[in-house]
Amino acid sequence: MRKFTALMPLLALFWAVSASAHGPVRQKTQETIVINAPADKVWEIIKAPCSIKDWHPQVAECDAEGSQEEDAKRKLTLVDEGWVNQELKKYDEKKKLIGYKFNFDDVSTAQTIVHAGEEIQVPMFPVANYSDMLFVKNKGADKSQVVWRGAFYRAYMRNNPPEEMNEEAAINTMSAFYRSGLEGLKQLLEK
């Protein structure tokens, strides 16, 4: 027992060094909004693949291949002329849940920077291996709650990321996209 106790500081040091040398960690973010409209009405809007262009202020255009079947695709063109290609990951009519995914290569470039002596393209959404879920909960006859939840890695997969592609940039960008979308959805449904 004494030998094990004597090794504890070394084990703690080893764990701390291992943790700091670790690469990107999967991040999560979530935004929620209450809308004064029945859940069925909210769901009818959300489930249509390209309705997002009608309620999200950052989405200018949408082209879809397929609808609610697995692997259906859509391309969102953003108001600042960027774009993202998404693939349907989950669809559950009963649970009023829909989810999309995309990867680093499915997003247009926002800017090119130099980091550690190397030119790097920063994507519009600085994330990799992205997936999300948007779902509606019934909160009464004329009230619903919409939750938008995402999980992803930062876009820069090596150690020492530039600030444009670190975890903070990834979380802030996706949280802001969710918030503005949910506020747009609320405005549309509460007219």
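**Exercise 1. The salt bridge of R154**

Task: In this predicted model, determine which residue forms a salt bridge with R154, and where the two partners lie.

Solution. 
Step 1. Side chains of opposite charge can pair when their charged atoms come close.
Step 2. The partner of R154 is E167, and their closest N and O atoms are 2.9 Å apart.
Step 3. R154 belongs to strand β9 (residues 144-154), whereas E167 belongs to helix α4; the pair, 13 residues apart, links distant parts of the chain.
Step 4. Buried means under 20% relative accessible area. R154 has 5% relative accessibility and therefore counts as buried.

**Exercise 2. Further salt bridges**

Task: State how many salt bridges a search of the whole structure finds, and examine the pairs K186 with E190 and D54 with K53.

Solution. 
Step 1. In one of them, the side chains of K186 and E190 meet at 2.9 Å, N to O. K186 has a relative accessibility of 24% and counts as partly exposed; E190, at 31%, also counts as partly exposed.
Step 2. In another, D54 is paired with K53, with the closest N and O atoms 3.8 Å apart. K53 is partly exposed, its relative accessible area being 35%.
Step 3. Salt bridges also form a network, which links E44, K47 and E93.

**Exercise 3. The disulfide**

Task: Identify which cysteines are joined by a disulfide, and explain why the pair ties together parts that are apart in sequence.

Solution. 
Step 1. The count comes to one disulfide.
Step 2. The disulfide joins C50 to C62, with an S to S distance of 2.1 Å; the cut-off requires the sulfur atoms to be within 2.5 Å.
Step 3. C50 is in the loop between α2 (39-46) and α3, and C62 is in strand β2 (residues 59-65), so the link ties together parts twelve residues apart in sequence.
Step 4. The angle about the S-S bond is -65°, and the link of C50 and C62 is left-handed.
Step 5. Both C50 and C62 are buried.

**Exercise 4. The largest cavity**

Task: Give the volume of the largest cavity and describe the residues of its lining.

Solution. 
Step 1. Rolling a probe the size of a water molecule over the atoms shows where empty space is left.
Step 2. Two cavities of 30 Å³ or more are found in the whole structure, and the largest holds about 80 Å³ of space.
Step 3. The lining consists of I46, I52, W55, R74, I98, Y100, D132, L134 and W148.
Step 4. At least two lining residues come from each of α3 (52-55), β5 (97-102) and β8 (127-138).
Step 5. Sorted by class, the lining has seven nonpolar, no polar and two charged residues.

**Exercise 5. The second largest cavity**

Task: Describe the second largest cavity in terms of its volume and its lining, and state which element supplies the largest share of that lining.

Solution. 
Step 1. The second largest cavity contains about 50 Å³ of space.
Step 2. Its lining is made up of L76, V84, Q86, F102, F125, Y130, D132, W148, M174, F177 and Y178.
Step 3. The largest share, three residues, comes from α4.
Step 4. By class, nine residues of this lining are nonpolar, one is polar and one is charged.
Step 5. Comparing the two lists shows that D132 and W148 line both the largest and the second largest cavity.

Terms used:
Residues are numbered from 1 along each chain as its sequence is written. This is a predicted model: local features need pLDDT of at least 70, side-chain atom pairs count only at pLDDT 80 or more; totals for chains, interfaces and linings use all residues. Side-chain values use heavy atoms; hydrogens and water are left out. On a 1 Å grid over the protein atoms alone, a cavity is a set of points where a 1.4 Å probe fits but cannot get out, and a pocket is an open set with protein on both sides within 12 Å along at least five of seven lines; lining residues have an atom within 4 Å of a point. Grid points are joined across faces, edges and corners, and a volume is the space filled by probe spheres set on the points. Helices (H or I, at least four residues) and strands (E, at least two) are DSSP runs, numbered from the N terminus. Ala, Val, Leu, Ile, Met, Phe, Trp, Tyr, Cys and Pro count as nonpolar, Asp, Glu, Lys and Arg as charged, and the others, Gly among them, as polar. A salt bridge is a side-chain nitrogen of Lys or Arg within 4 Å of a carboxyl oxygen of Asp or Glu. Buried means under 20% relative accessible area, exposed over 50%, partly exposed in between (1.4 Å probe, protein chains only).
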